[in-house]
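I opened my notebook to look up a few things in this structure. I jotted down each one as I went.

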Amino acid sequence: MRLPLEGSQAIARAVVAARAQVVAAYPITPQTHIVEHIAKLVADGEATCELVSVESEFSAASVVLGAAVAGSRAYTATASQGLLLMGEVLYNIAGLRVPLVMTVANRAVSAPLSIWNDQQDSMAMRDAGWVQLYCSDNQEAVDTTLQAFRIAETLEVPVMVCVDGFTLTHTLEAIDLPAQEQVDHFLPPYRFARTLNPRNPLSFGTLVAPEYYAEMRQLHHQALLDALELIPAVDAAWQEVSGRSCGGLLRVEGDPAARTGVLTLGSIFGTLADAVAIDPACGPVRLMHLRSFRPFPAAALRAACAGLERLVVLERAISPGASGIVTAEVRAALAELLKPPCVHGFAVGLGGRDVPLDLLPRLLASLPETPGPFRIFDLDPDKLPQEAL
Amino acid sequence: MNGQTISIEALRSQQPRYAGLTAGHRACLGCGQALAARLVTEAAGPDVIVANATGCLEIFTTPWPESAWRLPWLHSLFENTGAVAAGMEAALKAQGKSTKVLAFGGDGGTFDIGFQALSGMLERGHEVLYVCYDNEAYMNTGIQRSSSTPHAAATTTSPAGRARMGKRHLKKDILAIIAAHHIPYAATASVAYPADVRKKVRRALAVPGPSFLLVHSPCPLGWGHDGALSIEVARLAVETGLFPLVEMERGSLVGVLPLRAPKPVRDYLALQGRFAHLFADDPRAREELAHLQALADANIERYGLRAGGAGLDTESADTVRRGGGQWA
């Protein structure tokens, strides 16, 4: 059923269709509409979940942790400062191997204070041990949300579904909402093997001394690596149900014979695809959407780069004093190739700065033969002090 | 007796009571918290699940792959126990189950770092019994002051020295703050009165909505007393008025343990190394002793603990007379 829905509304409907039993969240721009829509669906009797309106994101993450371990499918959503406030709990959820799904409405991190979109927030949680899936449009946000529950519950790992704040969360699109029977067919009822149960009492979250710690980390690491196979498999299973795919680990589009590749994450993938389609100045380009950032699909990326002479990485976050976070990982993955493409890394669209259609042709025209240091591409020199130039 | 003997282990195993926390854990000798947790789970179990904050109780009961718990138990973090318990309760509600949720924290996880999550849990009315095992400092990290540490007590971060008489600030009145949430039931208890602890746990679990129990739990290592004297020390805290045993419903005082003849605070303080500096020949020490006596006297007045001739004898009563005292 295709409906004109705001991204947040569509995600809320997907969460309800997934039969989430406990939802806990704290409002933060630009995530707010998601929980407001869920609250409205509950108020209208269209959803039966326990909605817990907590006093902080720290508690939101803690409530869904407790709920999932007590045997209920649970969901939360946040952004930016809220995600950082959750940080300690996110590591804990992942280490306890609790299956949860969270939407991150990607937003810049203060300071400077910005409510607008980039991906610094989820990148800051890169090493928390969650699966991280990025969505390029709102249909993918709906489909990925449903897939996320199945991935989480199969591997007992939490899954973060990253959608660009405002660009996706606040934008209306025609969305194909799956029928409840389709969702029920795809997503079996929640079952957690280690559910806290007085008839079979387990101790959960115990103190682990050095003689066991590394092995537990290995098991967690292996579960994330196992997701490299599960993510495309779940995407394929969903395609059988819905007819739609989200691109598995890495969506590759454009000219297969191109010598130039462009890789990005999130909603600017669509902008780049439009730019390549309408502006001949771009030349032949192979476009890649890195859907799965954790686990990092190094092998899929190497295969996708076959025949490329150069790969441009456009990312929405930086690691100050080092490089782009995605760029560094792409370089590390491609270093295993005999003839790796030159990797040019840039940050664009930080703090909600618009990424216009002509950015890509301008950027490609300015590329040097050999990659320079990672930099923020769309700086305005007039706004910087002279000594910084 | 017929000349028969029974070992302590056999005696324990033949107790008809449910045991949620069994022997073999690694608590210190005389640990008040271990005793309190056993009493609470005996009265609450077995149809319960527990959320436990980081702290001594978590550490000494669960060195992987061992566990002293015989009930479903989760430790997440230090400061989120109220919220984790709230999530458990929401999940059980969603599943239509009647299993009760208990939350355990020390004074650090309750008075200080976990206070926000606890307040949120109470405000939202989650049906959870939150038990704070109050040993009046951060014992797990090695005896640092908390907002529950009594005035003038020495800890490693509020030591006594030439310029200071231990902790400068007052013990936080957590019960009043909890009661201000107007929850159905909030009470204090002490390991020196085990039947009272059990009774309060049963009462807390019988009322719908959130409940809170603050259990005074001596820490021989942190308080500097002989582990064999834990119960005596705990009882003196009650008998001096420094730790009044009270019950509150919807924010109003409904019951107290009356004191027929309150004892001087010196009797309590003198047994503990953390107050040793108060017995030096120093005018400031004498002033602080008088201050602590005044705090105990204020408690006695405030909660109406003075029983006159009609009150129960605290040496043997082990019960709380309901209806005593007025909220002042």
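**Entry 1: the annotated span in chain B.** I started with residues 55–213 of chain B. The span is 34% helix and 16% strand. Where does the span come from? UniProt lists residues 55–213 of chain B as "domain: Thiamine pyrophosphate enzyme TPP-binding", in an unreviewed entry. I also noted that I am working with a predicted model.

Entry 2: Then I listed the exceptions I looked up.

- In chain B, the peptide bond from Trp64(B) to Pro65(B) is cis, with omega near 5°. Pro65(B) sits in the loop between helix H3 (56–61) and strand S2 (73–75) of chain B.
- In chain A, the bond from Ala111(A) to Pro112(A) is cis, and its omega is near -5°. I found Pro112(A) in the loop between strand S5 (101–106) and helix H5 (120–124) of chain A.
- Ala152(B) is not a glycine, yet its phi is positive, about 75°. This residue is in the loop that lies between strand S4 (128–134) and helix H7 (174–179) of chain B.

**Entry 3: a sheet in chain A.** I traced an open sheet of 6 strands with mixed pairing. Its order is S10-S12-S11-S14-S15-S16 in chain A. In one pairing, Ala347(A) has Ile376(A) of S16(A) as its bridge partner. I then found helix H9 (268–278) of chain A packed on the sheet. H9(A) touches S10, S11, S12 and S14 of chain A, and its direction makes about 170° with that of S12(A).

**Entry 4: the largest pocket.** How much space lies in the largest pocket? I wrote down about 850 Å³. There are 24 lining residues, and the closest to the centre are Gly95(A), Leu96(A), Gly205(A), Val208(A) and Met216(A). Helix H4 (80–95), strand S9 (203–204) and helix H8 (210–242) of chain A each supply at least two lining residues. The largest share, 7 residues, comes from H8(A). I sorted the lining too: 11 nonpolar, 8 polar and 5 charged.

Notes: Residues are numbered from 1 along each chain as its sequence is written. Chains are lettered from A and ligands numbered from 1 in the order in which they are written. This is a predicted model: local features need pLDDT of at least 70, side-chain atom pairs count only at pLDDT 80 or more; totals for chains, interfaces and linings use all residues. Side-chain values use heavy atoms; hydrogens and water are left out. On a 1 Å grid over the protein atoms alone, a cavity is a set of points where a 1.4 Å probe fits but cannot get out, and a pocket is an open set with protein on both sides within 12 Å along at least five of seven lines; lining residues have an atom within 4 Å of a point. Grid points are joined across faces, edges and corners, and a volume is the space filled by probe spheres set on the points. Helices (H or I, at least four residues) and strands (E, at least two) are DSSP runs, numbered from the N terminus. Ala, Val, Leu, Ile, Met, Phe, Trp, Tyr, Cys and Pro count as nonpolar, Asp, Glu, Lys and Arg as charged, and the others, Gly among them, as polar. Two strands pair if DSSP finds at least two bridges between them. Contact means heavy atoms within 4.5 Å. Axes are lines fitted to C-alpha atoms, for helices over the stretch in contact, and angles run from 0 to 180 degrees between N-to-C directions. UniProt positions are given in the numbering used here, feature names are shortened, and annotations may be inferred rather than shown by experiment.
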